[in-house]
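Dear colleague,

I am passing a structure on to you, and I would be glad if you could look through it alongside the notes that follow.

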Amino acid sequence: MAQPLGPGDARRAALLLTPAYLWLTAAVFLPLSAMLFFSLLSDAPFRGADWRFTLDNYRAFFATDVYATLLWKSLRLGLTVTALCVVIGFPCAWVLAKTIRGRAREALFLLIILPFWSNSLVRVFSWAIVLRGNGALDWLAGLFSSGDVRLGLLFTPTAVVIGLVHSYLPYVILTTYLALQAIDDTLIEAARSMGADRRTIFRRLVLPLSLPGLAAGAVLVFVPVVGSFMEPRILGGRFGAYFGTVIEDQFVAVFNWPLGAALSFILLAVVLAILSAAAPVLRRAQGAAA
Amino acid sequence: MAEVSVRDVSKRFGATAALDGVSMDFADGGFCALLGPSGSGKTTLLRVIAGFVAPDAGAILIGGRSVARTPVEKRDIGFMFQNYALFPNMSVAENVGFGLRARKVGAAAERRRVAEALALVRLDGLGDRRPHALSGGQKQRVALARAFVTNPQVLLLDEPLSALDKALRVEMQSELKRIQREIGITTIFVTHDQEEALTLADRVGILREGRLIETGAPREVYNAPSTVFAARFLGDANIFEGRAEGAVLRLPDGTAVRIPPGSDGAAAFAVRPENMRVSLAPPDAPGVDSVRGDLVQRVFAGAMTTCVVTVCGRPMKIVAPDREVADLPEAGPVWVSWDRARMMAIPHP
Ligand SMILES: Nc1ncnc2c1ncn2[C@@H]1O[C@H](COP(=O)(O)OP(=O)(O)OP(=O)(O)O)[C@@H](O)[C@H]1O
Ligand SMILES: [Mg+2]
């Protein structure tokens with residue numbers, strides 16, 4: 001399939017890729033460089049403040065274990081939310097791709113996309129209304145049991161997880177849907193004709209073939225969730241301190257941009273390290289399942 | 001292994017009747033070919049037998065028992081898909097071994113039987129390839145090996161050899177025939193190649209618009225088709241249609257053609273192209289009939305030459321050894337003749 005590129009092909013490819021590279025430079029490389037620059041300063045270079053280059057901001061991370069603890073907490077949050085999104089999203093995607101046809105599928109798609117169209121802040125606040133004591137959820141639970149029910153979910157880690165899963169679930173559903181959609185139905189029929197039961201078909205055929213989509217969805221969830229700050233702040237209350245909220249504080253409350261930038265870079269490095277460690281595992285899983 | 005009975009099966013997809021009251025028995029260990037134009041329901045019939053689609057009406061019996069409640073995976077079938085349906089995430093060997101592993105035959109037996117099956121389809125040594133790195137014909141042979149490697153009770157093949165070149169196809173045909181005979185699997189295969197159907201099958205069924213219009217032994221169906229459609233579809237046929245007047249058939253232009261005795265009420269008469277001869281003068285032999293025609297085309301095709309002669313405004317095809325027609329002109333008036341005994345009376349249109 002892959003053919004060696006001729007010199008003409010290479011030139012044409014470079015030409016076609018130029019806009020993409022320009023865009024990457026403008027949208028990713030420049031802001032990141034600015035951030036890197038900030039993270040190496042002793043003070044934000046505003047209001048005529050004195051500044052010099054230093055690594056103190058990175059040292060600050062290791063000076064106390066507060067940051068590491070919060071980072072660990074954020075990573076656990078990322079894992080929990082990603083796992084929940086995968087567990088909930090995969091069956092949804094399966095139903096969408098393989099069991100529902102026509103109009104009903106379009107309607108369901110709309111319902112899944114709908115959260116994307118609403119403002120994320122509005123979405124999170126509406127969860128606050130649902131989850132707060134005496135809120136919608138308590139009222140609903142009260143209908144099914146006697147007495148006054150106080151679930152009191154708001155301002156708990158659970159509330160944060162619920163809000164985040166709700167926000168990010170569509171990513172997993174959509175990427176997995178695309179992967180499942182690409183699996184020809186006759187493959188599954190062929191497996192059945194050879195006597196394979198549902199579990200075998202799932203393990204040896206469906207899962208390996210949808211793994212790329214599932215992994216893409218998981219990455220799309222994991223990365224932003226680890227750095228999330230809005231949902232923890234609004235739904236987490238006094239449990240709402242995460243690595244992302246600390247970074248946000250540096251930018252909007254404490255105005256310690258250099259520290260915020262340094263913490264961001266540490267987060268970026270950790271996330272990249274996790275993803276690159278996960279890549280070969282995923283690849284092996286895909287091969288081994290076959 | 002098991003005989004398969006299709007009892008009055010119908011299946012509609014929206015407005016199309018893909019199958020319309022089809023009944024057919026497939027003998028235990030038999031080798032049956034299904035023929036029919038595109039869209040006539042061949043694949044659908046195989047899929048109903050396999051259990052991928054439930055019939056709207058009618059029943060499928062395998063080994064004498066209705067399989068209405070038996071899911072595909074419990075029917076012990078081998079199914080080869082028209083599009084091969086090879087698993088892209090598995091190697092050739094894993095594809096072929098998939099059904100064996102599902103049957104838990106053990107790693108050693110799996111390896112041995114996969115190797116045997118791959119050898120049978122002439123793919124030894126390609127076990128480690130992925131399907132995307134195979135040619136069309138190689139994919140088809142993997143799909144074939146995968147279908148029969150488990151020694152199923154019933155083998156259902158949807159155009160199993162269509163992508164192969166002539167030499168390989170002939171080789172695979174005899175291989176298929178041998179495997180089928182050796183293991184005695186009841187086999188039903190769909191083909192567009194009538195020659196393949198006639199050589200391989202001990203029974204053929206012809207489908208048209210969801211109806212089974214003809215079944216029988218290949219020779220029987222070839223020599224005495226009961227419909228004009230079947231006569232045309234299985235092998236070529238030169239059709240004579242007109243008004244029967246006693247012992248003769250009056251063609252539309254007034255020409256009289258003798259018809260075999262006892263063919264009252266036949267809808268049409270037909271003579272196979274290889275049973276006709278072309279000559280400059282009408283042959284004078286007992287039992288030979290002839291009509292005047294216009295030679296319009298002569299196509300040399302190696303051993304045989306095909307002549308197209310317009311008889312009574314309609315093209316007729318005559319296939320003859322080249323030396324017999326070598327001294328005919330390129331075009332012009334000729335006589336077309338045939339043994340009266342070779343004229344087939346066809347009861348239905
Ligand atoms: N899943 C389906 N949904 C709707 N219509 C279908 C479906 N499967 C088959 N049909 C229709 O049923 C008819 C028979 O189809 P089938 O695939 O059995 O034909 P076939 O004889 O195998 O043709 P071919 O030689 O082209 O493979 C066709 O008109 C087809 O359009
Ligand atoms: Mg078909």
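A residue is called buried when its relative accessible area is under 20%, exposed when that area is over 50%, and partly exposed in between, as computed with a 1.4 Å probe on protein chains only. Please keep in mind that this is a predicted model, in which local features need pLDDT of at least 70 and side-chain atom pairs count only at pLDDT 80 or more, while totals for chains, interfaces and linings use all residues. Residues are numbered from 1 along each chain as its sequence is written, chains are lettered from A and ligands numbered from 1 in the order in which they are written, and side-chain values use heavy atoms, with hydrogens and water left out.

Chain A has 12 helices and 0 strands, where helices (H or I, at least four residues) and strands (E, at least two) are DSSP runs numbered from the N terminus. Of the 290 residues in chain A, 39% are buried, and the C-alpha trace of the chain spans about 75 × 75 × 35 Å along its principal axes.

One residue to look at is A:L187, which is found in helix α8 (residues 185–193) of chain A and, with a relative accessible area of 7%, is buried. Apart from its neighbours within four places in sequence, A:L187 is in contact (heavy atoms within 4.5 Å) with A:L205 and A:L209, and also with B:A85, B:L86, B:F87 and B:P88 of the other chain.

Elsewhere in chain A, helix α4 (residues 103–117) and helix α7 (residues 157–181) pack at an angle of about 140 degrees with their axes 8 Å apart, the axes being lines fitted to C-alpha atoms over the stretch in contact and the angles running from 0 to 180 degrees between N-to-C directions. The two helices are therefore oblique to each other, since angles under 35 degrees count as roughly parallel, over 145 as roughly antiparallel, 65 to 115 as roughly perpendicular and the rest as oblique. Among the residues that make this contact are A:F109 and A:I113 of α4(A) and A:Y171 and A:L174 of α7(A).

Finally, the magnesium ion (ligand 2) is coordinated by B:T43 (OG1) and B:Q82 (OE1) at 1.9 to 2.5 Å; donors are N, O and S atoms within 2.8 Å of the metal (3.2 Å for Na, K and Ca), and sites may look incomplete because water is not among the atoms. B:T43 is partly exposed at 27% relative accessibility, and B:Q82 is partly exposed at 42%.
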